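Here's a quick briefing to read with the model open on your screen. Have the viewer ready and click along as you go.

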Amino acid sequence: MNKPLRRIAIFCGLLMLTLLIRDNWLQYVRADELASDTDNRRVAIERYATPRGDIIVDGKAITGSKKAERGDFEYVRTYKDGPMWAPVTGYASQAFGTNQLENLEDGILTGNDDRLFFRNTLDMLTGEKKEGGNVVTTLNAAAQKAAYEGLKERGKGAVAAIEPSTGKILALASYPSYDPSTIAGYSDDDQKAWNKLQKKNNPNDPMLNRALRETYPPGSTFKVVTAAAALEYGKYPDPDEPTDTPLPWTMPGTTTPLKNDGNHPCKNATLRVALQWSCNTVFGKVGSEIGNDKMLEKAKDFGFTTEHFTPVRANASVFSVDMAPSEVALSSIGQFNTAATPLQMAMVASAVANDGSLMKPYMVDKLQAPNLDTLEQTDPEELSRPLSEENAQKLQSMMETVVEEGTGGTAKIDGVKVGGKTGTAQHGVDNSEKPYAWFISYAKLSDGSSPVAVAVVVEDEEADRGDISGGGLAAPIAKSVMEAVIGNRK
């Protein structure tokens, strides 16, 4: 063979070797990565080639699948009462992917989870179509409806409800909301619906999960955390002991007096009376005396500064470090930089109701195979213990006084012991925006059990500023949610 032909042969051999290496690299090394790549249209086509498994509430599916009318996707996702359940389910869209439970449990719902491998292999051998499994939630349909309908009447806000003894999430509502069915397909109509839902086109941001992803100034509901710190650190171990709080009380390091709302008996008030009438002066003074480090420590005990996974992620709530004493005072009444999600404030009420034990919140009870065998079961888990049993029961007594004789009277339920705390949270530059109305609460039955703890925040932009209060706007919603849970228990 002459020299030019030999060079061509070597070059062609190298090309063949390169192609073989590339082919093996794609087929073996990157096979899994390419098979799951969201930009690989075959992945999406395969995902919707069979009906998805369902998300279950109270034994009933709140999702479904139907035959697609056109295109190369065989099935499209459907939702029952989609706007009510969107903060729980999220969406599964042929065009826009998945989020929340639809995303986090996609492997189970599509049947692609590794735990279904043997079943899928058997189905392949027998010619059966692959089926998706189910996600069984902890949600309570009646509580969710009460929460959603209550918010709908007010215009904007969120509700989170928890079973204190286990951490099961019973309700997770956000308003305004959206219907995931409108964006489940791949049509021009789905694209138009998606565009309308984007925040740049809709300032109400209906796709925002306010219960988990929005942090609000918690206002006076945070005084429950400050009261817990006062009890736990021995500052005022007796809730009926006077606090030696003058009126007016000037914040340390300033010439600015901290004001109270209304003409209530806040001078030298006890912790019980101060919580009953929401005295800023008492809790501002208590917080500044306890100090930044210990107040932060107690806030962390209740779950602040940490993201929580339910399994859907909840934003971390905020209590700041390195604050001046006056800033600690404001933070201790739920203002300044203090911010919390509704889930976080439900966790605060839940820990108090559960005799000081804070259970990890979760909303997936179990994952099921297509034949309904349980693949995974969630067991309740203690997250922390912010209060001793003795101090938790003292704080329960104080919160029950708020409902029986104080600002939370609209949450009373006949035959049920209700503890609560109202809050009106200022926000905006120089508090120029209309305040948020808050209420956190729990219910206790005659047997001593506590089936539900609730947090409600209302952003009522239509209400007159002077009419905005936690007792007036948020407490009635919390009452409806508690009644719904109690009704299911009977």
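Start with α11 and α14, which pass each other in a right-handed crossing. Their axes come within 10 Å and cross at roughly 110°, so α11 ends up roughly perpendicular to α14. Keep in mind that this is a predicted model.

**Helix α11 and its neighbours**

- On the α11 side, the contact with α14 is made by Val-225, Thr-226, Ala-229 and Glu-232.
- Helix α14 covers residues 292-301, and its share of that contact comes from Met-295, Lys-298 and Ala-299.
- α11 also packs with α13: here the axes come within 10 Å and the crossing angle is roughly 50°.
- These two helices, α11 and α13, are therefore oblique to each other, and the crossing is left-handed.
- If you want to pick out the α11–α13 contact, select Lys-223, Thr-226, Ala-227, Ala-229 and Ala-230 in α11.
- They meet Asn-280, Phe-283, Val-286, Gly-287 and Ile-290 in α13.
- Thr-226 and Ala-229 turn up in the contact with α14 and also in the contact with α13.

**Where α4 meets α8**

- Helix α4 (residues 82-89) packs with helix α8 (residues 141-154) at an angle of about 110°, and their axes are 10 Å apart.
- That angle is why α4 counts as roughly perpendicular to α8.
- The α4/α8 crossing is right-handed.
- From α4, the residues in contact are Pro-83, Met-84, Trp-85 and Val-88.
- Across from them in α8 you'll find Ala-141, Gln-144, Lys-145 and Tyr-148.

**Salt bridges**

- Side chains of opposite charge can pair when their charged atoms come close.
- How many salt bridges does a search of the whole structure find? The count is 16.
- One to zoom in on is the salt bridge between Lys-235 and Glu-289, where the closest N and O atoms are 3.5 Å apart.
- This pair links distant parts of the chain, with its two residues 54 residues apart.
- Lys-235 sits in the loop between α11 (223-232) and β10 (249-250), while Glu-289 belongs to helix α13 (residues 280-290).

**A nonpolar patch on the surface**

- Which residues form a nonpolar patch on the surface? They are Ile-10, Leu-14, Leu-17 and Ile-21.
- Together these four have about 400 Å² of accessible area.

**Backbone spots to check**

- Tyr-175 and Pro-176 are joined by a cis peptide bond, with omega at about 0°.
- Pro-176 is in the loop between β9 (169-175) and α9 (188-197).
- Another cis peptide bond runs from Thr-310 to Pro-311, and its omega is near 15°.
- You'll find Pro-311 in the loop between β12 (308-309) and β13 (313-314).
- Asp-205 has a positive phi, near 50°, despite being a residue other than glycine.
- Look for Asp-205 in the loop between α9 and α10 (210-213).

Key:
Residues numbered from 1 in each chain as written. Predicted model: local features only at pLDDT ≥ 70, side-chain atom pairs only at ≥ 80, totals over all residues. Heavy atoms only, no water. Patch = residues over 30% accessible without salt bridge, like charges linked within 9 Å, V, L, I, M, F, W, Y side chains within 5 Å. Areas by Shrake-Rupley, 256 points an atom, 1.4 Å probe, with all protein chains shown as cover. Salt bridge = Lys/Arg side-chain N within 4 Å of Asp/Glu carboxyl O. Axes fitted to C-alpha atoms, helices over the stretch in contact; angles between N-to-C directions. Helix = DSSP H or I, 4+ residues; strand = E, 2+ residues; numbered from the N terminus. Parallel < 35°, antiparallel > 145°, perpendicular 65-115°, else oblique. Left-handed = near helix turned anticlockwise from the far one by under 90°. Contact = heavy atoms within 4.5 Å.
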